[in-house]
Amino acid sequence: MVAVSLKKKVTDAFLQVCGILVDAGHTLMYARWVDAGYTEHLRRIEEARHADNPNAERHQINYVPDYLWPDPDPGEEINQWIRTVRVMRVHADGESAVDRIIGDLTAMRQHMTRRADVRVVIGGALRPGRPGERLAPGTVEEAYLAARAGKPLIVAGGGYSAGSVLTDP
């Protein structure tokens, strides 16, 4: 019960910060498939921001690793309010399915890091929990890539999360 409450509070705070950033004209880049719950909330923020001008520049970019992209390809206009970018890479001969997922996620995170001015990481798993997180959880890899690239890094964590470990002195 406490974990659900904490997760909801972190989610609500995240969405509030996203709304403030979009209202201030900043572009948000995030990585989720478009059916994920955050995407719907972020779509509403963008839609409300452009209610008077539906053709205005979009301030949200949803990056999707290649292994999550659906087949057949849904085309460019998945969501009219959020620009969606498929991050592709060349797969090595004989690459296993697990190695493909790891490589696709790392390629996506590297792509996003190159284009970001600031990296914000929130929460996250403490240990690899999915096939694509064999070496390090996504939040930890994102923080590492930002630090290695010399990008400002903002870390928020609560409870028992990767973000809380990254901020613990």
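A salt bridge is counted here when a side-chain nitrogen of Lys or Arg lies within 4 Å of a carboxyl oxygen of Asp or Glu. The views below come from a predicted model, in which the count by this rule comes to 8 salt bridges.

**View 1. The salt bridge between R89 and D104.** The side chains of R89 and D104 meet in a salt bridge, with a distance of 2.8 Å from N to O. This pair links distant parts of the chain, since R89 belongs to the loop between β3 (83–87) and α3 (97–115), while D104 sits in helix α3, 15 residues apart from R89. R89 counts as partly exposed because its relative accessibility is 23%, whereas D104, with a relative accessible area of 1%, is buried.

**View 2. The salt bridge between D104 and R100.** D104 also forms a salt bridge with R100, and here the closest N and O atoms are 3.6 Å apart, a value that falls within the 4 Å limit. D104 and R100 are 4 residues apart in helix α3, so about one helical turn separates them. R100 has a relative accessibility of 31% and therefore counts as partly exposed.

**View 3. A network of salt bridges.** Side chains of opposite charge can pair when their charged atoms come close. In this model, the residues D66, R86, R89, E95, R100 and D104 are linked in a network of salt bridges. Both pairs described above, R89 with D104 and D104 with R100, are drawn from the residues of this network.

**View 4. The salt bridge between E142 and R109.** In the salt bridge that E142 forms with R109, the closest N and O atoms are 3.7 Å apart. This pair, too, links distant parts of the chain, with E142 in helix α4 (residues 138–148) and R109 in helix α3, 33 residues apart. Are these two residues, E142 and R109, buried or exposed? Both E142 and R109 are buried, which means that each has under 20% relative accessible area.

**View 5. A nonpolar patch on the surface.** V118, V120 and I154 form a nonpolar patch on the surface, and together these residues have about 240 Å² of accessible area. One of them, I154, is found in strand β5, which covers residues 153–156. I154 counts as partly exposed because its relative accessibility is 46%, a value in between the limits of 20% for buried and 50% for exposed.

Technical notes: Residues numbered from 1 in each chain as written. Predicted model: local features only at pLDDT ≥ 70, side-chain atom pairs only at ≥ 80, totals over all residues. Heavy atoms only, no water. Helix = DSSP H or I, 4+ residues; strand = E, 2+ residues; numbered from the N terminus. Buried < 20%, exposed > 50% of the residue type's maximum accessible area, 1.4 Å probe, protein only. Patch = residues over 30% accessible without salt bridge, like charges linked within 9 Å, V, L, I, M, F, W, Y side chains within 5 Å. Areas by Shrake-Rupley, 256 points an atom, 1.4 Å probe, with all protein chains shown as cover.
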